Amino acid sequence: MIRRALAASVLLVGTVVFAAGSLPVDAGKSRITATFTQMNVPVDGRFQRFNGSVNYDPANVAASSAELGIDTASFDIGDEEYNAEVRKQEWFDSKAHPTATFRSSAIRSLGANRFEATGTLSLKGKTQTVKAPVSVKTEGASRRFEGELPISRAAFGLGDAEWNEVLEDKVLVKFVIVVPAS
């Protein structure tokens with residue numbers, strides 16, 4: 001049950017990640033994970049299905065954009081029983097809210113191939129404005145965006161009060177988003 005709660009947290013964090021623009025996300029090379037702490041032990045989960053696009057202009061970072069959609073039922077913490085639990089109404093409520101989304105509203109350069117992405121994260125019918133520091137580098141024919149975003153389980157209604165003594169509220173969503181370098 002604890003793993004289920006963690007999985008839900010990871011999904012939430014995963015949703016915050018990054019996407020939009022005209023270049024499609026290469027889901028095979030990209031990853032979105034969520035780390036939550038259960039009884040003082042960090043637990044990692046990974047979203048298996050997501051898509052999106054990135055429109056990145058290194059010469060004009062402010063004109064860049066990103067959008068990402070994450071399949072909330074694809075959260076995997078390594079055990080199907082726990083995975084099924086986090087799909088339930090108390091957690092991701094995947095039947096009613098099958099997709100978590102992130103849409104950028106502003107991209108601000110921080111210099112040295114780093115920027116801050118501000119946007120809306122929508123999960124389980126709730127929307128929050130979030131900010132994530134992101135680094136970018138070109139690797140061959142691909143561009144790799146990497147960052148992390150702390151989110152609050154409570155802000156998105158993930159889990160019920162009985163989990164508050166077992167799971168920390170903070171979930172750390174880590175992402176690596178790969179698109180063609182075009």
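Colleague: Which residue stands opposite T101 of strand 7?

Modeller: The residue that stands opposite T101 in strand 7 is G69. Please bear in mind that this is a predicted model. The two residues belong to a pair of neighbouring elements: strand 5 (residues 65–71) and strand 7 (residues 99–111) pair in the antiparallel sense. Five bridges join strand 5 and strand 7.

Colleague: How many bridges does strand 7 form with strand 8?

Modeller: Strand 7 pairs with strand 8 (residues 114–123) over nine bridges, again in the antiparallel sense. Within this pairing, S104 stands opposite G119 in strand 8. The hairpin made by strand 7 and strand 8 has two residues between the strands, and A112 takes a positive phi near 50° there.

Colleague: How should I describe the overall order of the elements, from the N terminus on?

Modeller: One first counts the elements and then reads their order. The protein chain has two helices and eleven strands. From the N terminus on, the order is α-β-β-β-β-β-β-α-β-β-β-β-β.

Colleague: Which strands pair with strand 2?

Modeller: Strand 2 (residues 31–38) pairs with strand 11 over seven bridges in the antiparallel sense, and I32 stands opposite F175 in strand 11. Strand 2 is also joined by seven bridges to strand 3 (residues 41–47), and these two run antiparallel. In that pairing, T35 stands opposite D44 in strand 3. The hairpin of strand 2 and strand 3 has two residues between the strands, with M39 taking a positive phi near 50°.

Colleague: Is strand 2 mostly covered or mostly exposed?

Modeller: To judge this, one compares each residue with a cut-off: buried means under 20% relative accessible area. By that criterion, seven of the eight residues of strand 2 are buried, and the strand is mostly covered. For the protein chain of 182 residues, buried residues make up 50%.

Colleague: Which residues touch the most other members of the largest nonpolar core?

Modeller: They are I32, F115, F145 and I177, in a core of 42 residues. Strand 11 (residues 167–180) gives the most to this core, with six residues.

Colleague: What share of the contacts with a separation of 6 or more joins residues 24 or more positions apart?

Modeller: In the protein chain, that share is 67%. A separate example of positions along the chain is given by A63 and R108, which are 45 residues apart, with 9.2 Å between their C-alpha atoms. A63 lies in the loop between strand 4 (50–55) and strand 5. Because its relative accessibility is 45%, A63 counts as partly exposed.

Colleague: How many salt bridges does the structure hold, and where does one of them lie?

Modeller: The structure holds seven salt bridges. One of them joins D71 and R49, with the closest N and O atoms 2.8 Å apart. D71 lies in strand 5 and R49 in the loop between strand 3 and strand 4, so the pair ties together parts that are 22 residues apart in sequence. D71 is partly exposed, at 23% relative accessible area, and R49 is partly exposed, at 45%.

Colleague: Which residue meets R87 in a salt bridge?

Modeller: The side chain of R87 meets that of E80, at 2.9 Å from N to O. R87 counts as partly exposed because its relative accessibility is 27%. A further salt bridge brings together the side chains of E146 and R144, at 3.2 Å from N to O. E146 is partly exposed, with a relative accessible area of 34%.

Methods
Residues numbered from 1 in each chain as written. Predicted model: local features only at pLDDT ≥ 70, side-chain atom pairs only at ≥ 80, totals over all residues. Heavy atoms only, no water. Core = buried A, V, L, I, M, F, W, Y, C linked by side-chain atoms within 4.5 Å. Buried < 20%, exposed > 50% of the residue type's maximum accessible area, 1.4 Å probe, protein only. Helix = DSSP H or I, 4+ residues; strand = E, 2+ residues; numbered from the N terminus. Pairing = 2+ DSSP bridges. Contact = heavy atoms within 4.5 Å. Salt bridge = Lys/Arg side-chain N within 4 Å of Asp/Glu carboxyl O.
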